[in-house]
Amino acid sequence: MPVLLSNRYGGPCHICLDLFIKRAEELLCLAGLEGHELSLLLLDDPAMQEINRQWRQKDKATNVLSFPQGLDDDFDQHPMLGDIIISIDTAHQEAIDRGISLHHHLTTLLVHGFVHLLGHDHERSDHDAEEMFGLEHSYLQALATRRTKMVKLAINVDHVATLRQARGNTEPDPVTAAAIAELAGATGIVVHLREDRRHMQDRDIDILRKTVQTKLNLEMAAAEEIIKIALDLQPDMVTLVPEKRQELTTEGGLDVAGQIKKLKKVIARLAKKNIPVSLFIDPDPAQIQASKEVGATFVEIHTGRYADASSEEEEDKEFELIATAAEEAYEAGLRVYAGHGLNYVNAGRVAALPTIEELSIGHAVMARAIFTGLDQAVREMVDICRFA
Ligand code: PXP
């Protein structure tokens with residue numbers, strides 16, 4: 001067991017220990033130290049303060065400490081490289097301050113502690129600092145499971161159809177909205193054909209199939225009538241969502257784990273027509289594993305609870321769940337989208353998550369479009385994605 005992890009942190013932050021261990025193992029390989037051992041200890045601020053006081057005469061908590069096992073850097077003599085100790089309390093606060101996920105920051109701290117174990121010390125001299133930060137940078141680059149392009153933006157035009165249906169006539173037309181959104185920089189159009197046809201109509205998706213220039217993502221329940229329509233329409237992709245008649249909008253993620261057999265069949269039927277499937281799921285590891293099992297190509301992580309959070313603390317907690325779920329899904333080989341309830345204030349933080357490929361946004365953009373015009377509203381959201 002090359003990486004020995006002891007988790008003595010008992011606080012509320014969710015840490016994906018498997019991914020953290022995997023990063024540490026990758027780091028050993030990158031340094032050419034496969035076969036060596038590394039000890040990792042996660043704890044809270046009071047415990048970190050105690051260690052810092054006892055061993056470094058500094059009576060305060062800190063983010064990361066490393067204690068090498070040997071006195072020299074002849075690693076052949078001692079397979080155990082040493083201990084890296086991280087305070088999750090401090091790491092969490094730093095991640096919030098920097099607007100990054102805890103998982104991302106833990107990787108940075110792990111690399112910093114690891115490079116110390118290799119014998120580098122930024123406090124020794126400017127030259128050492130330069131060398132150490134250069135090495136850290138190259139390890140972080142090599143470890144990065146980053147998408148290389150900016151996050152894409154798919155616009156959901158259901159709300160345009162909702163307004164039309166309020167009068168039961170022909171305007172505003174979601175087909176026109178889709179074209180304007182594409183011209184303004186959207187890289188996909190999403191439409192939800194509900195069984196009750198409360199907004200999108202069959203006529204809409206038929207025309208959109210012929211006119212959308214980017215990517216048509218048909219959101220739908222795994223219901224036989226709609227599956228047949230999808231097989232016939234052949235959109236660029238399908239997103240399966242749970243659907244309840246009484247709900248105002250999609251309320252929760254799909255319970256993939258609870259309907260493995262059924263979803264496997266639906267996904268296989270769509271695959272025969274070359275239609276890749278995304279599953280709209282809550283940020284829950286069990287749903288991610290199940291999504292992989294049933295053969296989904298994508299997952300769309302439900303951001304609704306993050307968007308609806310009523311305090312900063314709750315928002316941070318929900319954000320961490322999304323960040324970790326995105327990493328887990330990416331590591332499992334799924335392509336990762338996110339959406340629901342995102343707006344001009346809260347979307348940037350999600351867009352900045354490196355493993356998220358696309359955001360799906362409807363309501364906030366249409367709400368702004370009433371005042372600014374759709375072109376402007378889409379452009380502003382594209383900018384948020386571009387600069388995240
Ligand atoms: N993703 C899915 C699966 C949805 O059901 C919806 C709502 O239609 C969205 C994204 C977009 O949510 P919002 O309209 O709140 O931006």
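The buried residues of helix α3 are covered by elements that include β2 (37-43), α2 (45-56), β4 (80-87), α4 and α13 (312-331), where helices (H or I, at least four residues) and strands (E, at least two) are DSSP runs numbered from the N terminus. The model is a predicted one, in which local features need pLDDT of at least 70 and side-chain atom pairs count only at pLDDT 80 or more, whereas totals for chains, interfaces and linings use all residues. Residues are numbered from 1 along each chain as its sequence is written, and side-chain values use heavy atoms, with hydrogens and water left out.

Within α3 (residues 88-98), the buried positions are Ile-88, Thr-90, Ala-91, His-92, Glu-94 and Ala-95, buried meaning under 20% relative accessible area with a 1.4 Å probe and protein chains only. Just after this helix, Gly-99 adopts a positive phi of about 70 degrees.

Helix α4 (residues 102-117) also packs against α1 (residues 17-30): Leu-19, Phe-20, Arg-23, Ala-24, Leu-27 and Leu-28 of α1 meet His-103, Leu-106, Thr-107, Leu-110, Val-111 and Phe-114 of α4, contact being heavy atoms within 4.5 Å.

In the largest nonpolar core, of 80 residues, Leu-240, Leu-279, Ile-356 and Leu-359 touch the most other members; such a core is a set of buried Ala, Val, Leu, Ile, Met, Phe, Trp, Tyr and Cys residues joined through side-chain atoms within 4.5 Å. Apart from this core lies another, of 31 residues, including Tyr-9, Ile-21, Leu-33 and Leu-106.

Technical notes. Buried < 20%, exposed > 50% of the residue type's maximum accessible area, 1.4 Å probe, protein only.
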